[in-house]
Amino acid sequence: MGKKITIQDIADALGLSRNTVSKALNNTGVLADDTRQKILRKAEEMGYRRFVYLPQEAPGENPVIKELALITQNMPYGSHFGTYALNTFQEKISKNNCRLSMYPVRDTEIASLKLPIGFDPEKTAGILCLELFDSNYIEMLDALGLPLLFIDTASDTDLTRTNADFLLMENALSIYRLTDSLIQKGCTRLAFAGDPSHCRSFLERYQGFQEALHANGLSPCNTLFTGKTVFSDSTFLGEAVSQMIQLPEVFVCANDFVAIDLIRALRKHGFKVPEDVMITGFDNSAESRIIEPHLTTVDIPSSQMGYLAADLLLSRINEPDTPYRIMHVRTSIKYRASTGRLNLS
């Protein structure tokens, strides 16, 4: 067995202080995004494993500790909803004699369908999958026969055939309601922004948008911003903005970060929000309340989802014959200044 990688090892490799590396790995304190990402990449490269340990037991007690695994393509950090959900997930499992090992899975491992470095199925009681959106890799994990829980999943995952529990936020209905409220206030030119194939949540949000338009006898007025490529690079996004013959009245965006990227691209081309075009997001991230104008969005109860995730996975481990569950957690719309002139609240 190789040497256990420590925070100090990562700090030495990068020429940074141990405190700086600790902030990045534990998502605490203030740290520049590029520094945080550099540290996370190095930690992944070196095979660092982060654990949440249980409190010290009283003398004489020796509980059996269950090992759980987080497998993710993108470790959540900052104001990503998964950061808050993961914190409360860890809190709940720690009180139930479990600890969590985190395994970022690399693109090469995804492509070759290999388990992440250091992961041992024989020692794992259950797996939490977060930000894991490759359907072939999901099928490979399903074949392990371990208790599986997904917080969100790939857009093409067959929820009726995958032997796993799924925890999602309510996407379609909240976007339907948001889109319909815009239409009832007189908007007829609406466009969706984001890639419906990115994940299940994005797909459900797109479906809610489409259903609201169909119910009101409308069609999307622009499809330049619905796809994988346009938001992959600021250049592509700028080109899409410059190609618009006519602005929509509203862009309904797949999440807050898509909305913020779009607001910035529109500004570079001289368009103002909400005067020229209104924008909505999803997630109610901290950034949605900082950007000007403040973003109309959909709030996710992120912390509570962590507790629910822990309950789902622990109950699956303890009662493996329980029917598989698909749970949607209720969300709520937050109307703000990015749709300001409609006064929707």
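This is a predicted model: local features need pLDDT of at least 70, side-chain atom pairs count only at pLDDT 80 or more; totals for chains, interfaces and linings use all residues.

I started with Glu 67, which counts as buried at 19% relative accessibility (buried is under 20% relative accessible area, exposed over 50%, partly exposed in between, with a 1.4 Å probe and protein chains only). Glu 67 makes a salt bridge with Arg 99, the closest N and O atoms being 2.5 Å apart (side-chain nitrogen of Lys or Arg within 4 Å of a carboxyl oxygen of Asp or Glu). This pair links distant parts of the chain, strand β1 and strand β2, 32 residues apart (helices are DSSP runs of H or I, at least four residues, and strands of E, at least two, numbered from the N terminus). Arg 99 is partly exposed at 25%.

Residues are numbered from 1 along each chain as its sequence is written, and side-chain values use heavy atoms, without hydrogens and water.

I searched the whole structure and got nine salt bridges. One of them joins Lys 42 and Glu 45 at 3.1 Å between the closest N and O atoms. These two sit three residues apart in helix α3, so about one helical turn separates Lys 42 from Glu 45. Lys 42 is buried at 19%, but Glu 45 is exposed at 53%. I also found Asp 165, Arg 316 and Arg 325 linked in a salt-bridge network.

Next I checked α4: ten of its 14 residues are buried, including Phe 81, Leu 86 and Ile 93.

Last, I looked for disulfides (cysteine sulfur atoms within 2.5 Å) and found zero. The Cys 98 sulfur is 16 Å from the closest cysteine sulfur, in Cys 129, so it is too far for a bond.
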